[in-house]
Amino acid sequence: KYALQDTAGSWYLITAQGKAVEQIEARQTGDFTVVQELTILPPQIGDEVQVSAAAGEETKAKGQFAAMKTLLEAVEAANLGRHIASVSVPSSYKISLWYEDRFLVELGDTKRMDYKLEYLKAVIEREESYVTGTVDLTLKSGDKAILLRGE
């Protein structure tokens with residue numbers, strides 16, 4: 001389950017497929033992966049949530065929502081769910097997530113998401129537990145991922 005805030009400031013748990021499961025208190029959000037930079041309209045429990053969008057931004061909001069679902073479903077398929085602190089979906093082509101408190105993972109768009117997450121798993125397995133930094137999986141340089149270690 002993933003925590004997402006609505007336009008009224010209330011928090012809801014949703015599934016990877018975007019269905020509202022239950023309303024929670026803000027203090028409970030730390031127990032779940034928080035979805036950032038995407039706000040929903042107050043949902044009906046059991047229904048798919050609707051993304052809030054400014055006038056003229058409806059298409060962009062639908063793209064963000066689709067990107068969020070693709071990412072969350074891929075996270076679950078890769079068995080990474082319990083390690084993802086938050087995901088950020090400011091647009092459908094600028095997706096990122098935090099792996100625990102260690103790595104900011106820049107994913108870019110949803111293309112090859114399964115590959116990107118498998119690559120992330122390989123990076124994490126290779127690095128010592130104290131290593132932090134940014135993992136660039138936008139694949140701007142072909143199939144190369146880039147790890148920028150923190151100080």
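Analyst: Ala-85 touches Phe-32, Thr-33, Val-34, Trp-98 and Glu-100, leaving aside residues up to four places away in sequence; contact here means heavy atoms within 4.5 Å. The model is predicted, so local features need pLDDT of at least 70 and side-chain atom pairs count only at pLDDT 80 or more, while totals for chains, interfaces and linings use all residues. Residues are numbered from 1 along each chain as its sequence is written, and side-chain values use heavy atoms, with hydrogens and water left out.

Ala-85 and Trp-98 lie 13 residues apart in sequence, yet 5.5 Å apart in space, C-alpha to C-alpha. With 38% relative accessibility, Ala-85 is partly exposed; buried means under 20% relative accessible area, exposed over 50%, and partly exposed in between (1.4 Å probe, protein chains only).

Ala-85 belongs to strand β5; strands (E, at least two residues) and helices (H or I, at least four) are DSSP runs, numbered from the N terminus. Four of the five residues of β5 (residues 84-88) are buried, so this strand is largely enclosed by the rest of the structure.

Strand β5 pairs in the parallel sense with β4 (residues 33-36) over three bridges; two strands pair if DSSP finds at least two bridges between them. In this pairing, Val-35 stands opposite Val-87. Four bridges join β5 to strand β6 (residues 95-99), and these two run antiparallel, with Ile-84 opposite Tyr-99. A hairpin through six residues connects β5 to β6.
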